[in-house]
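This report describes the fold of one protein chain, moving from the whole chain to single residues. Please keep the sequence and the structure in view while reading.

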Amino acid sequence: MALGLIVKTGRILTAKLLLGQAVDGITHCAIGDGDASFTDPQNPPAPDIGQTGLRNERARKRYYKRTFLKEDAEGALLVNGVRYLETGEETNTIGVFFRFDEAEANGITIREYGFFGGDVQYVESVTGDLAMGGVFHQDTNPTGEVLHPGYLYEVKNIPDFNKISDTRVELVGIIKI
């Protein structure tokens, strides 16, 4: 499977972190069902380096774990043919782990996902790690639960995957510096 695309805002987020600015790194993963350009369920369109959000965000979740990783043939984590092992030692590779549990985000045909950082903020009524309905806008999306989306770091479009109640979706961002 092809790698995701680190977009312009992702590069800005990285630059802010390297400058020591007070901004959070990757903290959230959003899933969406795309837009009218997603016409072939098996061959999604390529993401655009200028994207600042998903084309149609449906749900967003805060990470449950961030850790250093190292490549290891015996590692339990397999991503794009490479096995990784979590480690306490500092390496140039990190993993950011996200989980949409069986009871979360059901009925969505996932066609796109992205990793976000910076100043992500949910509307006041959301008290947990999950926000539904995309980015809030008073006129165009008054039911969206994401107040501020933050910086899109990386985006990936995938063949259709239907999230249903007996399915847990685990997404892991692997970042090599």
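**Overall fold**

The model described here is a predicted one. Its chain contains 1 helix and 13 strands. Along the sequence these elements follow the pattern β-α-β-β-β-β-β-β-β-β-β-β-β-β. The radius of gyration of the chain is 16 Å, close to the 16 Å given by the globule rule for 177 residues, so the chain is as compact as a globular protein of that length. Along its principal axes, the C-alpha trace spans about 45 × 40 × 30 Å.

Of the 177 residues, 40% count as buried. Among the contacts in the chain with a separation of 6 or more, 77% are made by residues 24 or more positions apart.

Strands of a sheet pair through backbone hydrogen bonds, in either a parallel or an antiparallel sense. In this chain, an open sheet of 5 strands has the order β5-β6-β4-β7-β13, and its pairing is antiparallel. Which strands stand at the edges of this sheet? They are β5 (77-79) and β13; each has a single partner strand, so one side of each is left without a neighbour in the sheet. Neighbouring strands of the sheet are turned by 40 degrees against each other on average, direction ignored.

| Strand pair | Sense | Bridges |
|---|---|---|
| β5 and β6 | antiparallel | 3 bridges |
| β7 and β13 | antiparallel | 8 bridges |

Individual bridge partners can also be named. V79 has V82 in β6 as its bridge partner, and G95 is partnered by I174 in β13. Strand β13 is mostly covered, as 6 of its 8 residues are buried.

**The nonpolar cores**

The largest nonpolar core has 19 residues, of which I26, I31, F100 and L171 touch the most other members. The elements that give two or more residues to this core are β2 (26-32), β7 (93-100), β8 (108-117), β12 (151-163) and β13 (169-176). Strand β8 gives the most, with 4 residues.

Leaving aside neighbours within four places in sequence, F100 is in contact with C29, I31, A59, R60, K61, A105, L130, K163, T167, R168, V169 and L171.

E57 lies in strand β3 (residues 57-62). Is this residue buried or exposed? E57 has a relative accessible area of 9%, and because buried means under 20%, E57 is classed as buried. Its side chain is joined to that of R60 by a polar contact of 2.8 Å. Not counting residues up to four places away in sequence, E57 touches A30, I31, G32, E112, F116, G133, G134, V135 and V146.

T143, by contrast, is found in the loop between β10 (130-132) and β11 (146-148). With a relative accessible area of 62%, T143 is exposed, because exposed means over 50%. How far apart in space are T143 and D72? From C-alpha to C-alpha they are 44 Å apart, while 71 residues separate T143 and D72 in sequence.

Terms used. Residues numbered from 1 in each chain as written. Predicted model: local features only at pLDDT ≥ 70, side-chain atom pairs only at ≥ 80, totals over all residues. Heavy atoms only, no water. Buried < 20%, exposed > 50% of the residue type's maximum accessible area, 1.4 Å probe, protein only. Polar contact = N/O pair within 3.5 Å; in protein donor to acceptor, adjacent residues only side chain to side chain. Contact = heavy atoms within 4.5 Å. Core = buried A, V, L, I, M, F, W, Y, C linked by side-chain atoms within 4.5 Å. Pairing = 2+ DSSP bridges. Axes fitted to C-alpha atoms, helices over the stretch in contact; angles between N-to-C directions. Rg over C-alpha atoms; globule rule 2.2 N^0.38 Å.
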